[in-house]
Amino acid sequence: MSPMLSDRVAVITGASSGNGRAIARRFAKEGADIVIADIQEEPREGGEPTHELIDSETDANATYVDCDVSSQSDLEEAVDAAEEFGGVDVMVNNAGIFHGDEFLEVDKETYDRMMDINVKGTYFGAQAAAKRMVESDGGSIINLSSVAGLEGSADFVTYCGTKGAVRLLTYAMAANLGPEGIRVNVIHPGLIETMMTTEDVEIMGTEAEEGFVQGIPSRRAGQPEDVADAALYLASDLSGYVNGESLVVDGGMTNTQ
Ligand code: NAP
């Protein structure tokens, strides 16, 4: 079988760690050249930087670019870096932050930071890539929301707001960019084992994990590779007629009781 993403170039934000790292490795194994756009090169979970790992385990090209997604110019530079490989075909707006909050105590600075990374980063990441894609053969933009972008949660009011926004931005972008040959879709992961759920909000490896898992019909937490497989589908021609769609990757958690 020929590789699913041969001759494609992907820019993936937050790809030094977690879901973004798994997406980058999966895409590279399917032949895509990759720009890793992150604020730090070292993976949060340890190990070789993603671009070095891709160099050693695939024939694909990979490069790292310092990119804070809350900066529009950083995002434009990340998309420009893809020119070295032929220009961006696939943009994955994956970088995000997650923490709980006590709604009555959230201050403007905390709110703004999460909005800047999760929402503004997605908005201008998509815009930077789309500017290039409309001048070429179109492309695929994949945004990372969450199950928290589908349902409200008392302890995560700000995060739910950001991820709900990412969902609706995706649908509106699909409406706007579809005629230009650009598909825009969104992934809603459930509980995925990354540093986000082992450290930022401690669920994995704690007593809370078992409670969560009992609410998941597949009876396990997801792995970054589960998210990467969904992203591969949305990046590839297999999803050629899928546009403005939400793909929920949660082991059945959201649609069941
Ligand atoms: P992760 O392991 O923390 O990885 C996120 C990566 O993004 C890190 O390398 C992080 O760098 C980077 N990053 C943070 N702020 C950034 C910024 N301003 N600019 C560029 N890069 C930045 O998290 P993850 O679990 O892979 O999450 C990836 C995406 O999946 C997020 O959008 C998240 O909301 C979504 N998601 C995750 C889960 C889950 O259960 N894990 C569930 C639903 C949705 P630093 O280490 O330096 O911060």
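Let me start with the ligand. There are 28 residues around the ligand, and Asn19, Arg44, Asn94, Tyr159 and Thr194 come nearest. A residue counts as near a molecule if one of its heavy atoms lies within 4 Å of it.

Before going on, the sources. This is a predicted model, in which local features need pLDDT of at least 70 and side-chain atom pairs count only at pLDDT 80 or more, while totals for chains, interfaces and linings use all residues. Residues are numbered from 1 along each chain as its sequence is written, and side-chain values use heavy atoms, with hydrogens and water left out.

Tyrosine 159 places a polar side-chain atom 2.7 Å from an oxygen atom of the ligand. For lysine 163, a polar side-chain atom lies 2.9 Å from a ligand oxygen atom. Taken alone, the ligand exposes 890 Å², and the protein buries 93% of that. Those areas come from the Shrake-Rupley method with a 1.4 Å probe; for residues, only the protein chains shown count as cover.

What is the makeup of the shell around the ligand? Twelve of its residues are nonpolar, twelve polar and four charged. In that count Ala, Val, Leu, Ile, Met, Phe, Trp, Tyr, Cys and Pro are nonpolar, Asp, Glu, Lys and Arg are charged, and the others, Gly among them, are polar.

Which helices supply at least two residues each to that shell? They are H1 (18–29), H5 (157–177) and H6 (195–200). H6 gives the most, with three residues. Helices here are DSSP runs of H or I, at least four residues, and strands are runs of E, at least two, numbered from the N terminus.

Next, two backbone points. Most residues other than glycine have a negative phi. Aspartate 7, in the segment before strand S1 (9–13), has a positive phi near 65°. Aspartate 7 is exposed, at a relative accessible area of 75%. Buried means under 20% relative accessible area, exposed over 50%, and partly exposed in between, with a 1.4 Å probe and protein chains only. Arginine 219 also has a positive phi, near 55°. Arginine 219 sits in the loop between helix H7 (207–214) and helix H8 (224–235), and is partly exposed at 47%.

Is cysteine 67 buried or exposed? Cysteine 67 is buried, with a relative accessible area of 3%. Its place is the loop between strand S3 (62–66) and helix H3 (72–81). Cysteine 67 and glutamine 40 are 27 residues apart in sequence, and their C-alpha atoms are 8.4 Å apart.

Glycine 47 is exposed, at 55%, in the loop between strand S2 (33–38) and helix H2 (50–57). From glycine 47 to serine 17 is 30 residues in sequence and 9.7 Å in space, C-alpha to C-alpha.

Leucine 238 lies in the loop between H8 and strand S7 (246–249) and is exposed, at 62%. Leucine 238 and methionine 4 are 234 residues apart in sequence, yet 8.6 Å apart in space, C-alpha to C-alpha.

Note on methods: A polar contact is a pair of N or O atoms within 3.5 Å; within protein, one must be able to donate a hydrogen and the other to accept it, and residues adjacent in sequence count only if both atoms are side-chain atoms.
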